[in-house]
Amino acid sequence: MTDAMLPLIIAVIVLLVVAGSIIGLVRGRRSRVRYTGTRDANDLAASPGRPEGGEASGAPVAVAESPGAPAELAEAPTEIRDEAVVEAVPTETPAPVAGRLQRLRERLVKSNNVLGKGLLALLSSDRIDDSVWDEVEETLLLADIGTEPSLELVDTLKERVKVMGSRKPDEVRAMLREELIKLVDPSLDRSLSVDRKAGKPAVVLVVGVNGVGKTTTVGKLARVLVAEDKDVILGAADTFRAAAAEQLATWGARVGVPTVKSDVDGADPASVAFEAVKAGIEQEVDVVMVDTAGRLQNKVGLMDELGKVKRVIEKQAEVDEVLLVLDATTGQNGLNQARVFSEVVDITGIVLTKLDGTAKGGIVVAIQKQLGVPVKLVGLGEGPDDLAPFDVEGFVDAILN
(Lines give C-alpha, C1' and ligand atoms only; values in the text may rest on other atoms or scores of the structure.)
Protein backbone atom coordinates (compact mmCIF):
# COMPACT_ATOMS: atom_id res chain seq x y z
CA MET A 1 0.00 0.00 0.00
CA THR A 2 2.84 2.36 0.96
CA ASP A 3 4.73 1.58 -2.27
CA ALA A 4 1.58 2.23 -4.32
CA MET A 5 1.00 5.70 -2.80
CA LEU A 6 4.63 6.85 -3.07
CA PRO A 7 4.36 8.07 -6.73
CA LEU A 8 1.17 9.98 -5.85
CA ILE A 9 2.87 11.71 -2.90
CA ILE A 10 5.85 12.67 -5.08
CA ALA A 11 3.53 14.07 -7.76
CA VAL A 12 1.68 16.24 -5.18
CA ILE A 13 4.99 17.62 -3.85
CA VAL A 14 6.16 18.50 -7.38
CA LEU A 15 2.88 20.27 -8.12
CA LEU A 16 3.17 22.35 -4.92
CA VAL A 17 6.74 23.39 -5.79
CA VAL A 18 5.74 24.40 -9.34
CA ALA A 19 2.71 26.34 -8.08
CA GLY A 20 4.87 28.18 -5.54
CA SER A 21 7.34 29.17 -8.25
CA ILE A 22 4.58 30.54 -10.49
CA ILE A 23 3.09 32.59 -7.63
CA GLY A 24 6.54 34.02 -6.84
CA LEU A 25 7.05 35.03 -10.45
CA VAL A 26 3.66 36.76 -10.60
CA ARG A 27 4.28 38.65 -7.37
CA GLY A 28 7.74 39.67 -8.46
CA ARG A 29 6.66 40.72 -11.93
CA ARG A 30 7.67 44.24 -12.83
CA SER A 31 6.85 46.15 -15.94
CA ARG A 32 8.67 48.95 -17.67
CA VAL A 33 7.28 51.94 -19.46
CA ARG A 34 8.97 54.67 -21.44
CA TYR A 35 8.16 58.34 -21.58
CA THR A 36 6.23 59.25 -24.67
CA GLY A 37 8.15 61.59 -26.91
CA THR A 38 11.79 62.58 -26.76
CA ARG A 39 13.44 63.08 -23.38
CA ASP A 40 14.86 66.52 -22.65
CA ALA A 41 18.52 66.59 -21.72
CA ASN A 42 17.70 67.69 -18.18
CA ASP A 43 14.54 65.70 -17.46
CA LEU A 44 14.56 63.48 -14.39
CA ALA A 45 14.91 59.75 -14.85
CA ALA A 46 14.46 56.91 -12.40
CA SER A 47 17.31 54.54 -11.88
CA PRO A 48 16.68 50.78 -12.28
CA GLY A 49 17.94 48.32 -9.75
CA ARG A 50 16.33 49.81 -6.67
CA PRO A 51 15.47 46.96 -4.26
CA GLU A 52 11.79 46.38 -3.80
CA GLY A 53 10.11 47.39 -0.56
CA GLY A 54 6.80 48.64 0.73
CA GLU A 55 3.56 48.79 -1.16
CA ALA A 56 2.21 51.24 -3.68
CA SER A 57 -1.27 52.64 -3.91
CA GLY A 58 -3.16 53.62 -7.02
CA ALA A 59 -1.86 53.32 -10.56
CA PRO A 60 1.72 52.21 -11.33
CA VAL A 61 4.24 54.76 -10.17
CA ALA A 62 7.91 55.54 -10.55
CA VAL A 63 10.71 54.16 -8.42
CA ALA A 64 13.96 56.11 -8.07
CA GLU A 65 17.31 55.09 -6.66
CA SER A 66 18.47 58.07 -4.61
CA PRO A 67 16.28 59.75 -1.98
CA GLY A 68 18.32 62.96 -2.01
CA ALA A 69 19.07 65.44 -4.77
CA PRO A 70 17.76 64.66 -8.27
CA ALA A 71 20.00 62.40 -10.33
CA GLU A 72 21.31 63.19 -13.78
CA LEU A 73 18.86 62.05 -16.45
CA ALA A 74 19.48 58.98 -18.55
CA GLU A 75 17.80 57.22 -21.42
CA ALA A 76 16.99 54.25 -19.19
CA PRO A 77 13.29 53.41 -18.98
CA THR A 78 11.38 54.32 -15.84
CA GLU A 79 10.57 51.37 -13.60
CA ILE A 80 7.05 51.06 -12.27
CA ARG A 81 5.18 48.82 -9.88
CA ASP A 82 1.90 47.03 -10.55
CA GLU A 83 0.74 46.39 -6.98
CA ALA A 84 -2.13 48.39 -5.47
CA VAL A 85 -3.46 48.85 -1.97
CA VAL A 86 -7.04 49.86 -1.20
CA GLU A 87 -7.06 52.39 1.63
CA ALA A 88 -9.40 51.36 4.45
CA VAL A 89 -10.87 54.84 4.94
CA PRO A 90 -14.62 55.56 5.16
CA THR A 91 -15.88 57.50 2.14
CA GLU A 92 -17.34 60.92 2.92
CA THR A 93 -19.58 63.31 1.02
CA PRO A 94 -17.90 66.74 0.79
CA ALA A 95 -19.94 69.83 1.62
CA PRO A 96 -21.37 71.76 -1.35
CA VAL A 97 -19.17 74.70 -2.35
CA ALA A 98 -22.02 77.21 -2.09
CA GLY A 99 -22.74 76.28 1.51
CA ARG A 100 -19.18 76.61 2.70
CA LEU A 101 -18.73 80.16 1.36
CA GLN A 102 -21.02 81.62 4.01
CA ARG A 103 -19.22 79.70 6.74
CA LEU A 104 -15.85 80.97 5.58
CA ARG A 105 -17.15 84.53 5.34
CA GLU A 106 -18.28 84.38 8.97
CA ARG A 107 -14.81 83.29 10.04
CA LEU A 108 -13.21 86.01 7.97
CA VAL A 109 -15.37 88.59 9.76
CA LYS A 110 -13.91 87.47 13.09
CA SER A 111 -10.31 87.30 11.91
CA ASN A 112 -9.94 90.50 9.89
CA ASN A 113 -12.31 92.98 11.52
CA VAL A 114 -9.38 94.81 13.16
CA LEU A 115 -8.44 96.21 9.75
CA GLY A 116 -11.94 97.21 8.66
CA LYS A 117 -13.13 98.57 11.99
CA GLY A 118 -9.90 100.49 12.44
CA LEU A 119 -10.30 102.21 9.08
CA LEU A 120 -13.98 102.98 9.67
CA ALA A 121 -13.25 104.48 13.10
CA LEU A 122 -10.52 106.70 11.72
CA LEU A 123 -12.49 107.92 8.72
CA SER A 124 -15.63 108.56 10.78
CA SER A 125 -13.89 110.81 13.32
CA ASP A 126 -14.99 114.43 13.63
CA ARG A 127 -11.63 115.80 12.59
CA ILE A 128 -9.52 114.12 9.90
CA ASP A 129 -6.08 115.71 9.78
CA ASP A 130 -2.65 114.52 8.68
CA SER A 131 -2.18 112.45 11.83
CA VAL A 132 -5.38 110.51 11.08
CA TRP A 133 -4.24 109.84 7.53
CA ASP A 134 -0.90 108.61 8.90
CA GLU A 135 -2.80 106.16 11.10
CA VAL A 136 -4.87 105.00 8.12
CA GLU A 137 -1.68 104.36 6.17
CA GLU A 138 -0.11 102.53 9.11
CA THR A 139 -3.21 100.33 9.48
CA LEU A 140 -3.02 99.39 5.81
CA LEU A 141 0.71 98.61 6.00
CA LEU A 142 0.22 96.43 9.09
CA ALA A 143 -2.36 94.45 7.11
CA ASP A 144 0.36 93.73 4.51
CA ILE A 145 -1.39 95.56 1.70
CA GLY A 146 1.97 96.93 0.63
CA THR A 147 3.45 100.41 0.36
CA GLU A 148 2.31 101.37 -3.13
CA PRO A 149 -1.31 100.13 -2.80
CA SER A 150 -1.57 101.74 0.66
CA LEU A 151 -0.45 105.14 -0.61
CA GLU A 152 -2.78 104.81 -3.58
CA LEU A 153 -5.74 104.02 -1.34
CA VAL A 154 -4.95 106.84 1.11
CA ASP A 155 -4.73 109.41 -1.72
CA THR A 156 -8.06 108.26 -3.14
CA LEU A 157 -9.76 108.31 0.26
CA LYS A 158 -8.43 111.79 1.02
CA GLU A 159 -9.97 113.12 -2.16
CA ARG A 160 -13.30 111.39 -1.62
CA VAL A 161 -13.62 112.44 2.02
CA LYS A 162 -12.88 116.04 1.03
CA VAL A 163 -15.53 115.99 -1.72
CA MET A 164 -18.10 114.12 0.39
CA GLY A 165 -17.88 116.53 3.33
CA SER A 166 -20.09 114.36 5.54
CA ARG A 167 -18.53 111.54 7.55
CA LYS A 168 -21.57 109.51 8.56
CA PRO A 169 -20.57 105.87 9.25
CA ASP A 170 -22.82 104.46 6.50
CA GLU A 171 -21.42 106.86 3.90
CA VAL A 172 -17.83 106.23 4.97
CA ARG A 173 -18.40 102.47 4.89
CA ALA A 174 -19.88 102.62 1.37
CA MET A 175 -16.96 104.71 0.15
CA LEU A 176 -14.37 102.45 1.75
CA ARG A 177 -16.09 99.35 0.37
CA GLU A 178 -15.96 100.70 -3.18
CA GLU A 179 -12.27 101.56 -2.94
CA LEU A 180 -11.26 98.26 -1.34
CA ILE A 181 -13.13 96.29 -4.00
CA LYS A 182 -11.25 98.24 -6.69
CA LEU A 183 -7.97 97.51 -4.90
CA VAL A 184 -8.64 93.76 -4.64
CA ASP A 185 -9.54 93.91 -8.35
CA PRO A 186 -12.72 92.05 -9.38
CA SER A 187 -11.57 92.09 -13.02
CA LEU A 188 -9.04 89.27 -12.49
CA ASP A 189 -10.07 85.81 -13.68
CA ARG A 190 -10.34 83.66 -10.55
CA SER A 191 -11.89 80.59 -12.17
CA LEU A 192 -10.04 77.27 -12.08
CA SER A 193 -9.19 75.52 -15.36
CA VAL A 194 -10.48 72.10 -14.39
CA ASP A 195 -12.34 70.96 -17.50
CA ARG A 196 -11.22 68.28 -19.94
CA LYS A 197 -10.07 69.50 -23.33
CA ALA A 198 -8.78 67.80 -26.46
CA GLY A 199 -9.69 64.45 -24.93
CA LYS A 200 -7.33 64.90 -21.98
CA PRO A 201 -7.83 65.78 -18.31
CA ALA A 202 -7.04 69.18 -16.85
CA VAL A 203 -3.71 69.06 -15.00
CA VAL A 204 -3.23 71.08 -11.80
CA LEU A 205 0.27 71.40 -10.34
CA VAL A 206 0.39 72.55 -6.69
CA VAL A 207 3.60 74.15 -5.38
CA GLY A 208 4.87 76.03 -2.33
CA VAL A 209 7.38 76.07 0.50
CA ASN A 210 7.40 73.70 3.47
CA GLY A 211 4.82 74.23 6.18
CA VAL A 212 2.15 76.16 4.27
CA GLY A 213 -0.34 73.28 4.22
CA LYS A 214 0.24 72.29 0.60
CA THR A 215 -0.67 68.59 0.78
CA THR A 216 -3.68 69.40 2.94
CA THR A 217 -4.75 72.01 0.38
CA VAL A 218 -4.56 69.41 -2.42
CA GLY A 219 -6.78 67.11 -0.37
CA LYS A 220 -9.27 69.87 0.35
CA LEU A 221 -9.32 70.97 -3.29
CA ALA A 222 -10.05 67.38 -4.28
CA ARG A 223 -13.14 67.60 -2.07
CA VAL A 224 -14.19 70.83 -3.81
CA LEU A 225 -13.88 69.16 -7.22
CA VAL A 226 -15.72 66.01 -6.11
CA ALA A 227 -18.52 68.22 -4.76
CA GLU A 228 -18.74 69.64 -8.29
CA ASP A 229 -19.03 66.09 -9.75
CA LYS A 230 -15.51 65.97 -11.16
CA ASP A 231 -13.56 62.72 -11.57
CA VAL A 232 -10.15 63.28 -9.99
CA ILE A 233 -6.79 61.51 -9.67
CA LEU A 234 -4.10 62.68 -7.25
CA GLY A 235 -0.35 62.42 -7.88
CA ALA A 236 1.88 62.24 -4.78
CA ALA A 237 5.04 63.82 -6.22
CA ASP A 238 6.13 65.06 -2.78
CA THR A 239 8.61 62.23 -2.42
CA PHE A 240 11.00 63.96 -0.01
CA ARG A 241 8.75 64.30 3.03
CA ALA A 242 8.11 61.14 5.00
CA ALA A 243 4.46 60.03 4.93
CA ALA A 244 3.41 62.81 2.52
CA ALA A 245 2.14 60.26 -0.01
CA GLU A 246 0.17 58.38 2.65
CA GLN A 247 -1.31 61.64 3.88
CA LEU A 248 -2.45 62.55 0.39
CA ALA A 249 -3.79 59.04 -0.27
CA THR A 250 -5.87 59.25 2.91
CA TRP A 251 -7.36 62.59 1.83
CA GLY A 252 -8.23 61.09 -1.55
CA ALA A 253 -9.68 57.89 -0.13
CA ARG A 254 -12.11 59.88 2.01
CA VAL A 255 -13.92 61.05 -1.12
CA GLY A 256 -13.20 58.04 -3.34
CA VAL A 257 -10.33 59.64 -5.27
CA PRO A 258 -7.36 57.37 -6.18
CA THR A 259 -3.77 58.44 -5.55
CA VAL A 260 -0.75 57.59 -7.70
CA LYS A 261 2.32 57.28 -5.47
CA SER A 262 5.69 55.59 -5.15
CA ASP A 263 6.51 52.98 -2.56
CA VAL A 264 10.07 54.27 -2.19
CA ASP A 265 11.00 57.28 -0.07
CA GLY A 266 12.83 59.87 -2.15
CA ALA A 267 11.59 58.48 -5.46
CA ASP A 268 11.86 60.51 -8.64
CA PRO A 269 9.07 63.15 -8.36
CA ALA A 270 8.96 63.77 -12.11
CA SER A 271 8.31 60.10 -12.78
CA VAL A 272 5.50 59.99 -10.21
CA ALA A 273 3.94 63.06 -11.80
CA PHE A 274 4.30 61.49 -15.25
CA GLU A 275 2.57 58.29 -14.13
CA ALA A 276 -0.26 60.23 -12.47
CA VAL A 277 -1.02 62.10 -15.69
CA LYS A 278 -0.67 58.90 -17.70
CA ALA A 279 -3.22 57.20 -15.42
CA GLY A 280 -5.53 60.19 -15.72
CA ILE A 281 -5.44 60.04 -19.51
CA GLU A 282 -6.02 56.28 -19.58
CA GLN A 283 -8.90 56.45 -17.11
CA GLU A 284 -10.44 59.52 -18.80
CA VAL A 285 -10.77 61.52 -15.58
CA ASP A 286 -11.58 65.22 -15.49
CA VAL A 287 -8.69 66.47 -13.36
CA VAL A 288 -5.22 65.28 -12.33
CA MET A 289 -3.80 67.14 -9.34
CA VAL A 290 -0.09 66.78 -8.60
CA ASP A 291 1.30 67.59 -5.15
CA THR A 292 4.99 68.59 -5.17
CA ALA A 293 7.66 68.68 -2.48
CA GLY A 294 7.89 71.80 -0.37
CA ARG A 295 11.01 73.80 -1.18
CA LEU A 296 12.56 77.08 -0.14
CA GLN A 297 12.47 79.66 -2.88
CA ASN A 298 16.21 80.35 -2.42
CA LYS A 299 17.29 76.76 -3.06
CA VAL A 300 18.21 76.89 -6.75
CA GLY A 301 18.61 73.13 -7.25
CA LEU A 302 15.18 72.30 -5.87
CA MET A 303 13.53 75.09 -7.83
CA ASP A 304 15.18 73.81 -11.03
CA GLU A 305 13.80 70.34 -10.26
CA LEU A 306 10.31 71.80 -9.96
CA GLY A 307 10.66 73.15 -13.50
CA LYS A 308 11.67 69.66 -14.65
CA VAL A 309 8.57 68.13 -13.06
CA LYS A 310 6.42 70.51 -15.07
CA ARG A 311 8.27 69.74 -18.33
CA VAL A 312 7.92 65.98 -17.83
CA ILE A 313 4.17 66.35 -17.27
CA GLU A 314 3.90 68.38 -20.47
CA LYS A 315 5.22 65.44 -22.49
CA GLN A 316 1.70 64.04 -22.18
CA ALA A 317 -0.67 66.91 -21.42
CA GLU A 318 -0.72 70.65 -20.93
CA VAL A 319 -0.48 71.95 -17.35
CA ASP A 320 -3.66 74.00 -17.01
CA GLU A 321 -3.14 75.41 -13.51
CA VAL A 322 -0.07 76.03 -11.35
CA LEU A 323 -1.36 76.94 -7.90
CA LEU A 324 1.03 78.44 -5.35
CA VAL A 325 0.00 77.81 -1.74
CA LEU A 326 0.91 80.66 0.61
CA ASP A 327 0.51 81.06 4.36
CA ALA A 328 -1.28 84.38 5.01
CA THR A 329 0.61 84.83 8.27
CA THR A 330 3.96 85.14 6.45
CA GLY A 331 2.98 88.54 5.04
CA GLN A 332 5.56 90.11 2.74
CA ASN A 333 7.74 86.99 2.84
CA GLY A 334 4.93 85.25 1.01
CA LEU A 335 5.25 87.87 -1.70
CA ASN A 336 8.93 87.03 -2.14
CA GLN A 337 8.05 83.34 -2.43
CA ALA A 338 5.39 84.09 -5.03
CA ARG A 339 7.81 86.09 -7.16
CA VAL A 340 10.45 83.32 -7.32
CA PHE A 341 7.98 80.48 -7.90
CA SER A 342 6.31 82.47 -10.66
CA GLU A 343 9.63 82.79 -12.49
CA VAL A 344 10.16 79.03 -12.44
CA VAL A 345 6.74 77.56 -13.22
CA ASP A 346 4.46 80.39 -14.38
CA ILE A 347 2.03 80.59 -11.44
CA THR A 348 -1.60 80.92 -12.55
CA GLY A 349 -3.23 81.34 -9.16
CA ILE A 350 -2.68 81.71 -5.41
CA VAL A 351 -4.21 79.63 -2.62
CA LEU A 352 -4.08 81.63 0.61
CA THR A 353 -4.21 79.45 3.74
CA LYS A 354 -4.54 80.28 7.44
CA LEU A 355 -6.40 83.49 6.75
CA ASP A 356 -8.49 82.81 9.86
CA GLY A 357 -5.52 83.32 12.14
CA THR A 358 -4.34 86.72 10.94
CA ALA A 359 -5.46 90.27 10.26
CA LYS A 360 -3.02 90.41 7.35
CA GLY A 361 -5.43 89.67 4.54
CA GLY A 362 -3.93 92.61 2.68
CA ILE A 363 -1.40 90.20 1.19
CA VAL A 364 -4.16 89.47 -1.34
CA VAL A 365 -3.75 92.99 -2.71
CA ALA A 366 0.05 93.02 -2.58
CA ILE A 367 0.46 89.78 -4.54
CA GLN A 368 -2.01 90.73 -7.22
CA LYS A 369 -0.55 94.22 -7.63
CA GLN A 370 3.03 93.05 -8.08
CA LEU A 371 2.53 89.80 -9.98
CA GLY A 372 -0.83 90.12 -11.68
CA VAL A 373 -1.64 86.65 -10.31
CA PRO A 374 -5.11 86.30 -8.77
CA VAL A 375 -5.94 84.72 -5.44
CA LYS A 376 -8.26 81.90 -6.48
CA LEU A 377 -8.85 79.98 -3.25
CA VAL A 378 -8.76 80.73 0.47
CA GLY A 379 -8.50 78.46 3.48
CA LEU A 380 -10.07 79.63 6.72
CA GLY A 381 -9.91 76.73 9.13
CA GLU A 382 -8.74 73.22 9.90
CA GLY A 383 -11.90 71.43 8.75
CA PRO A 384 -11.83 69.28 5.59
CA ASP A 385 -14.28 71.60 3.81
CA ASP A 386 -12.72 74.88 4.95
CA LEU A 387 -11.48 75.82 1.47
CA ALA A 388 -13.49 77.90 -0.96
CA PRO A 389 -13.16 80.01 -4.12
CA PHE A 390 -12.04 83.57 -3.34
CA ASP A 391 -14.88 86.06 -3.63
CA VAL A 392 -13.85 89.74 -3.85
CA GLU A 393 -17.02 91.33 -2.50
CA GLY A 394 -17.40 88.69 0.20
CA PHE A 395 -13.80 89.28 1.27
CA VAL A 396 -14.23 93.06 1.49
CA ASP A 397 -17.62 92.83 3.24
CA ALA A 398 -16.11 90.48 5.83
CA ILE A 399 -13.31 92.97 6.50
CA LEU A 400 -15.75 95.86 6.99
CA ASN A 401 -18.25 94.02 9.21
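**Entry 1: the model**

I note that this is a predicted model, in which local features need pLDDT of at least 70 and side-chain atom pairs count only at pLDDT 80 or more, while totals for chains, interfaces and linings use all residues. Residues are numbered from 1 along each chain as its sequence is written, and side-chain values use heavy atoms, with hydrogens and water left out.

I looked up the confidence next; pLDDT is the predictor's confidence in each residue, from 0 to 100. The mean for the protein chain is 75, and 70% of its residues reach 70 or more. Over residues 22-87 the pLDDT is below 50, yet this stretch has 152 contacts in the model beyond near neighbours in sequence. A contact means heavy atoms within 4.5 Å.

I found twelve helices and ten strands in the protein chain. Helices (H or I, at least four residues) and strands (E, at least two) are DSSP runs, numbered from the N terminus. Of the 401 residues, 49% are buried. Buried is under 20% relative accessible area, exposed is over 50%, and partly exposed is in between (1.4 Å probe, protein chains only). Among contacts with a separation of 6 or more, 80% are between residues 24 or more positions apart.

**Entry 2: helix H3**

I went to H3, residues 130-142, which has 13 residues. From first C-alpha to last, H3 reaches 18 Å, close to the 18 Å expected at 1.5 Å a residue. The expected span is 1.5 Å times one less than the number of residues.

Which residues of H3 are buried? I list Val132, Trp133, Val136 and Leu140. Seen down the axis of H3, these buried residues fall within an arc of 100 degrees, so they line one face of the helix. The arc is that of the directions from the helix axis to the C-beta atoms. An α-helix has 3.6 residues a turn, so residues three or four places apart point the same way. On the other side of H3, Asp130 and Leu142 are exposed. Asp144 follows H3 with a positive phi, near 65 degrees.

**Entry 3: helix H4 and its partners**

I found 18 residues in H4 and a reach of 26 Å, close to the 26 Å expected. Pro149, Ser150, Leu153, Val154, Leu157 and Val161 of H4 are buried. Down the axis of H4 the buried residues fall within an arc of 130 degrees, so they line one face of the helix. Glu148, Asp155, Lys162 and Val163 are exposed on the other side of H4. Just after H4, Gly165 takes a positive phi of about 75 degrees.

I then looked at how H4 meets H3. Their axes come within 9 Å and cross at roughly 145 degrees. Axes are lines fitted to C-alpha atoms, for helices over the stretch in contact, and angles run from 0 to 180 degrees between N-to-C directions. H3 passes H4 in a right-handed crossing. Trp133, Val136 and Leu140 are among the H3 residues that meet H4, where the partners include Leu153, Val154 and Leu157.

Back to H4 and H5: their axes come within 11 Å and cross at roughly 150 degrees. The contact is made by residues including Leu153, Leu157 and Val161 of H4 and Val172, Met175 and Leu176 of H5.

**Entry 4: single residues**

Most residues other than glycine have a negative phi. I looked up two with a positive one. Phi of Ala198 is near 55 degrees; Ala198 lies in the loop between helix H5 (169-184) and strand S3 (202-207) and is exposed at 80% relative accessibility. Glu284 has a phi of about 55 degrees, lies in the loop between helix H8 (269-282) and strand S6 (287-292), and is exposed at 58%.

Where does Val290 lie? I found Val290 in strand S6, buried with a relative accessible area of 0%. Among the residues that Val290 touches are Val204, Val206, Ala237 and Ile313.

Last, I checked Asp126, in the loop between helix H2 (97-123) and H3. Asp126 is exposed at 76% relative accessibility. The C-alpha atoms of Asp126 and Lys168 are separated by 9.7 Å, and the two are 42 residues apart along the chain.

Note on methods. Left-handed = near helix turned anticlockwise from the far one by under 90°.
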